[in-house]
Amino acid sequence: MPHAPADYTPDSFKVLLKKLVQTPDEFTPEDCALCFRHLCVQGASDAQAGAFLTALTLSGLEASAEIVAACAAVLREHAVQVKDIAPTPGEHKHGEWDYRDSDKEGDGYTGMVDIVGTGGDGWDTYNVSTTAAVVVAGSGVRVSKHGSKAATSTSGSADLLMSLDCRLSFPVDQLPTFLPASPFLFLFAPHYHPSLAHIAPIRRQLNFRTIFNVLGPLINPAKPGRMLLGVAKQELGDTFAEVLKLLGVERALVVCGKEGLDEVSIAGETWTWWLENGKITRGSIHPTKDFGLPTHPLSSVRGSTPDLNALTFNAVISGTTTPPAHLSSPASPDSPSLDAIRDYVLINAAALLHVSGRAKDWKHGVAIARESIESGGARTAFEGFRDASKLAMGEQVDMMIVEDDGGVAAKNGFVKSWLRARRNGTGTETPKGDEV
């Protein structure tokens with residue numbers, strides 16, 4: 001075991017562990033934070049770490065918002081720092097994504113957003129949060145998606161992106177090259193939390209859920225100011241909303257589909273916890289009533305392997321009406337269909353667009369999400385990230401730069417065109433190439 005700082009040793013951890021086991025009612029968030037500092041620098045033995053996680057689970061303290069927030073704050077401190085990665089506002093260089101028009105939309109927020117779920121809902125639906133993140137980025141919103149490989153589902157966000165030929169283990173010093181290329185950025189969790197690597201085998205040996213299962217969505221190293229966060233159990237809604245408040249998140253929407261889904265449900269109502277200005281408001285939303293979308297059973301948005309989900313992803317962001325061979329056509333309530341999955345993506349993208357401040361309400365969010373797909377914005381955002389990830393790894397990438405207004409490519413010209421059209425009240429038709 002590497003040498004830990006003098007203040008964080010198995011002997012000092014022993015005192016904290018005894019307090020948790022013998023007097024859990026006196027175990028404070030500050031005590032828990034101190035335990036996590038030990039874990040991050042390997043200042044506790046493997047046996048002590050396993051005992052701590054077990055005792056914390058049995059005590060029920062892991063359901064405390066203050067405890068969870070204290071642990072998340074420590075993990076954020078020990079993460080690889082992600083800062084100074086945003087392009088200078090108002091500046092634009094040839095071949096870069098042009099934010100100047102899209103930044104005028106909505107309430108003017110130009111910070112980072114994230115969409116993430118706790119996992120563990122058992123539904124194994126399609127990779128909706130990753131696809132919705134790309135669709136939202138296609139409208140010019142800066143999305144920093146923090147994720148990993150599948151833990152409880154067939155295909156995690158990282159699995160999907162790797163099947164789409166993206167590189168995820170690029171050097172951290174290359175991060176400033178990404179947002180100029182695309183508003184979509186993916187941060188592969190294990191790459192940014194090296195202090196937790198030695199905990200993984202301990203967690204596998206325990207074989208039960210611990211506090212780490214709820215911390216993942218809270219430790220995005222980019223520290224997004226606005227978030228959409230899904231939980232698989234209604235009783236977690238209040239906890240996560242309070243944790244986000246304690247972590248200083250400016251605006252957030254915590255959601256739980258009434259089927260026990262950690263996304264905005266396309267099948268029916270979703271419980272919501274809206275955080276803004278330090279106030280949490282409980283409510284609910286419905287696909288048809290609030291978003292103007294039809295409902296679909298969750299069986300029709302079921303996911304598959306990463307490679308098949310990659311085919312679905314390409315079909316969704318390309319706006320095609322022809323489904324891949326593995327999806328049913330026409331739509332069937334008993335098997336996944338392209339129409340249902342597209343609506344599933346639209347509802348979640350719309351929710352994030354509203355949280356981000358780009359959309360004034362849920363239906364406006366759906367309209368912007370559709371425009372992102374139809375204009376080519378979503379496709380351009382994805383390809384910009386994919387190509388930037390390869391360049392960051394030193395690979396050669398063939399890039400077509402269109403000599404028009406300095407946009408990324410012809411499709412970015414489409415994006416700029418429909419933004420102008422919408423702002424001028426001339427409609428939202430998909431623009432043609434000669435309109436750029």
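Reader: What share of the contacts in the protein with a separation of 6 or more comes from residues 24 or more positions apart?

Author: Keep in mind that this is a predicted model, where local features need pLDDT of at least 70, side-chain atom pairs count only at pLDDT 80 or more, and totals for chains, interfaces and linings use all residues. Residues are numbered from 1 along each chain as its sequence is written, and side-chain values use heavy atoms, with hydrogens and water left out. A contact means heavy atoms within 4.5 Å. With that cut-off, the share from residues 24 or more positions apart is 73%.

Reader: And what is the mean pLDDT of the protein?

Author: pLDDT is the predictor's confidence in each residue, from 0 to 100. Here 90% of the residues reach 70 or more, and the mean is 90.

Reader: Which stretches have pLDDT under 50?

Author: Where pLDDT is low, the predicted coordinates should not be read in detail. One such stretch, with 34 contacts beyond four places in sequence, is residues 401–411. Another falls below 50 and has 17 contacts beyond near neighbours in sequence: residues 427–436.

Reader: How much of the protein is buried?

Author: Buried means under 20% relative accessible area, exposed is over 50%, and partly exposed is in between (1.4 Å probe, protein chains only). Out of 436 residues, the buried part is 55%.

Reader: Are the rings of Phe-170 and Phe-178 stacked, tilted or edge-to-face?

Author: Rings of Phe, Tyr and Trp (its six-membered ring) pair if their centres lie within 6.5 Å; planes under 30 degrees apart are stacked, over 60 edge-to-face, and the rest tilted. The structure holds ten aromatic pairs. Phe-170 is buried at 0% relative accessibility, and Phe-178 is buried too, at 1%. Their ring centres sit 4.4 Å apart with planes at 35°, so the pair is tilted.

Reader: What about Phe-313 and Phe-382: stacked, tilted or edge-to-face?

Author: Their centres are 5.1 Å apart and their planes stand at 65°. This pair links distant parts of the chain, 69 residues apart, with Phe-313 in helix 12 (residues 306–318) and Phe-382 in helix 15 (residues 377–392). Phe-313 is buried at 0%, as is Phe-382 at 1%. Given that 65° angle, the pair is edge-to-face.

Reader: How many helices and strands does the protein have?

Author: These are DSSP runs numbered from the N terminus: helices are H or I with at least four residues, strands are E with at least two. On that basis, the tally is 16 helices and seven strands.

Reader: Which residues are closest to the centre of the largest pocket?

Author: On a 1 Å grid over the protein atoms alone, a pocket is an open set of points where a 1.4 Å probe fits, with protein on both sides within 12 Å along at least five of seven lines; lining residues have an atom within 4 Å of a point. The largest pocket holds about 1500 Å³, a volume being the space filled by probe spheres set on the points, which are joined across faces, edges and corners. Of its 47 lining residues, the closest to the centre are Thr-118, Ser-148, Lys-149, Ala-150 and Ala-151.

Reader: Which helix gives the most to the lining of the second largest pocket?

Author: That pocket has a volume of about 320 Å³, and the residues closest to its centre are Glu-62, Arg-209, Val-214, Lys-233 and Leu-236. Helix 9 and helix 10 (235–246) each supply at least two lining residues. With four residues, the one that gives the most is helix 10.
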